[in-house]
Amino acid sequence: MFTDTGLSILLKKPQKHAQSHNSASLPFCPFTVGIWASIIVAYIIVSLVLYVISRMNPEERAADRGEDHITICTAFFVTLSMLSLQGFRLTPTSLAGRTLVCFWWMFALVTVVMYTSSLTSMLFLKFPDVEDPLPFYTFEQMTKQTKIEYGTLMSGSTRHYFKTFPGATEKVINQYWNNRHDLLVSSIEEGVARVRNSNGDYAFVMESEMSYYLVAQTCDLAVTAGGENRAERSYAFACRPDIDICRQLDHAIIQMKENGELRPIMDKWISGPCGRYVDLSSPLHYVPPTMDAYMDVKHMDMTRFTVPLVAMAFGVILSALLAVVEIYRSKARGISRGSRVPMPEDKRGFSDSLDIDM
């Protein structure tokens, strides 16, 4: 015994098509779901902390305003404007508020840079052409569809297997062929030609090793068995009983299997310009790659986004501690939460008036 074989399904290879990204979802592709959720949570927390600092900290002052310096709506709008790298006039005046805003500015800047770089990479990413998926990958799936007809040799080990094996799928296939004798062919060549000329409407059940060889040599064919080992049997040499060549072959084959030399030989001889044996015999060979298979390297994952998140969390904690210090210091100075500390007069020559002394 030098190799094993089973049954596989020979089909017309699907057409190739150019793969492209979905333009509607492209703006959300640079970041993973976890990063988007982290940004939203950080935005809400920073906005609420900024509002609390504005309400509770007496150091927040606005000498020329009669209402609270930063309201809840204003706080959310301020953080959103900074996240989009836009300026806003109502900025905090306390040390705690300014510290929080500075960390949020840095977080927003890093986020925008990472988003822009990832989006740019995706825009210029060239997706290779991929094949459409096969209509089915297993014998069971083949029996549950009616679009593609399937056949095999009129006589031989494959037909005999489906006649005698008691499996449910085998019985369905055997009954199908009993009712459709026109799908059975007299030779492998006829079956292969029928697959190639059927425009994808005919499949041929045959031995796996032979199908792998045909697919490696003929680039418009595909083979699948879904990883199933149906009618598994072995190829071996037959020798006359009065010679010693079989024993020598057995020892040589066993040694080649143990040394790993047999698979490279199979890969050499059952391969061709259209594929290699080691690839064609894989059940996942004709499963088309998804878009994520090409875009995973372009996604900005949580691992690379950890640093700005940790820095932002540190900024929130630091600003909260500074706010506590400022509240305690204001109480020590006799400044209540509702009072306003007047703004120091600007002595540098700036004026709100449009009049200029000449």
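A salt bridge here is a side-chain nitrogen of Lys or Arg within 4 Å of a carboxyl oxygen of Asp or Glu. By that rule, this predicted model comes out with 6 salt bridges.

One of them pairs Lys-12 with Asp-220, at 3.3 Å from N to O. Through shared partners, Lys-12, Arg-196 and Asp-220 end up in one network. As for accessibility, Lys-12 is partly exposed at 22%, Asp-220 is partly exposed at 21%, and Arg-196 is partly exposed at 40%.

Another salt bridge joins Lys-144 and Glu-140, whose closest N and O atoms are 3.2 Å apart. Lys-144 counts as exposed because its relative accessibility, 65%, is over 50%. Glu-140, at 40%, is partly exposed.

Helix H8 (residues 208-217) is mostly covered, with 7 of its 10 residues buried. Among these are Tyr-212, Leu-214 and Val-215.

Turning to the surface, Ile-40, Ile-44, Leu-48 and Ile-72 make up a nonpolar patch with about 310 Å² of accessible area together. Helix H1 (residues 33-56) supplies the largest share of that patch, 3 residues. Leu-48 lies in H1 and is partly exposed, with a relative accessible area of 39%.

Definitions and conventions: Residues are numbered from 1 along each chain as its sequence is written. This is a predicted model: local features need pLDDT of at least 70, side-chain atom pairs count only at pLDDT 80 or more; totals for chains, interfaces and linings use all residues. Side-chain values use heavy atoms; hydrogens and water are left out. Patches are made of residues with over 30% relative accessible area and no salt bridge: like charges are joined within 9 Å, nonpolar side chains (Val, Leu, Ile, Met, Phe, Trp, Tyr) within 5 Å. Accessible areas come from the Shrake-Rupley method with a 1.4 Å probe; for residues, only the protein chains shown count as cover. Helices (H or I, at least four residues) and strands (E, at least two) are DSSP runs, numbered from the N terminus. Buried means under 20% relative accessible area, exposed over 50%, partly exposed in between (1.4 Å probe, protein chains only).
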